[in-house]
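I opened the model today and kept a few notes as I went. Here they are, in the order I looked things up.

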Amino acid sequence: MAFYLSLICGVAWAWLTGFVPQDVPFYEHILYSLLAIGLYGSVYGINIAEFKEYRIIVLKAVTFGVALKGIFIGTILWFVMDTPLAFLLGMIVAQIDPLSVSYLVDKKGSQFSSAGRTVLRAWSSFDDPMTVLLALYLFLPFALGTAFDLGTYATQLGYNILFALVFLVARRFIPAWMLIISAFIVAIPFQLMLGIALCGLFIRPSLDTVLPKLITAAYLCAAVVLGMLVVFDLELLSLGILLGVAAFVSQIVATRLVAGELPRSDRMFLSVAQYNGITSVILALVVGAMFSEVVTIVAMAVITINTIYFFANQYVEKRTRQV
């Protein structure tokens, strides 16, 4: 509900004032700051011991599963759009929002097993940086019609890993809160988003109460900006609905392929866990600088996905209670 209200506020503000968010100084840096907050927060919440226990399923989910979802969604959209942009749009909405996952597995009456909780938490946490990496360095060049440069991709990946390794060593000498502030200061201007996500694995100052609120605030700010850039075009809105439905179906397909060994109730909840948050919204804003139509399509897709999520989870929870 808060996302919808923020989106409406953005639409109303732009309509009443004619405000253009791209004119704000350091607009791109602001977007990457919001994205960095979301990525760090998603990895910060992973239980490392549980992750190690179910690492094979999780690794399948965040590598094969994420790529599969992006290609599956993009293929459906490509039949309608007939443009490589379809696959970039598919990757933008392929991730699962970690905040929605926390609510889903922690709420009273949740029927997840321990394995199911761990897999979904880690899946939703690690697929965010994987989505960013694939969207910006693989599918964006494809959509722009430029050749994929393996050297550039490897270089960017190397910079991110080197960044994380430097801070991994530095944690022995510098307090965690000073270290994470320094990491953000360095990562944002150089767009080291995978690096800042990796830092969430080992730089963990006590932020359990603050970080979720910070992520929510960043998400809602991004939703306001998204609303300011939405264009009321029936064709784009229709494409957004199609993109949203395809994304939800892709999660059902991916669950069957990567988590078939989990109990049936876990698979049912995993199948309807598709919910899009800050990563999808920020990626839409970043890519929107090159493809303006992306903002409207993704905004409508997120509305569609999150609405289906609400009703699908109510249905699955009712079914599992009856079993």
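I started with M178, which I found in helix α9. Helices here are DSSP runs (H or I, at least four residues; strands are E, at least two), numbered from the N terminus. M178 counts as partly exposed because its relative accessibility is 38%; buried means under 20% relative accessible area, exposed over 50%, and partly exposed in between (1.4 Å probe, protein chains only).

A note on sources: this is a predicted model, where local features need pLDDT of at least 70 and side-chain atom pairs count only at pLDDT 80 or more, while totals for chains, interfaces and linings use all residues. Residues are numbered from 1 along each chain as its sequence is written, and side-chain values use heavy atoms, leaving out hydrogens and water.

Next I looked up the nonpolar surface patch, and M178 is one of its members, together with V169, F173, I174, W177, I181, I185, V186 and F190. Helix α9 (residues 176-190) gives the most to this patch, with six residues.

Then I turned to helix α5 (residues 85-92): is it mostly covered or uncovered? It is mostly covered, with eight of its eight residues buried. F87 and M91 are among them.

Last, I checked backbone angles. Most residues other than glycine have a negative phi. D82, in the loop between α4 (55-81) and α5, has a positive phi of about 55°. D82 counts as exposed, at 57% relative accessibility. Q191, in the loop between α9 and α10 (193-199), also has a positive phi, near 55°. At 27% relative accessibility, Q191 counts as partly exposed.

Note on methods
Patches are made of residues with over 30% relative accessible area and no salt bridge: like charges are joined within 9 Å, nonpolar side chains (Val, Leu, Ile, Met, Phe, Trp, Tyr) within 5 Å. Accessible areas come from the Shrake-Rupley method with a 1.4 Å probe; for residues, only the protein chains shown count as cover. A salt bridge is a side-chain nitrogen of Lys or Arg within 4 Å of a carboxyl oxygen of Asp or Glu.
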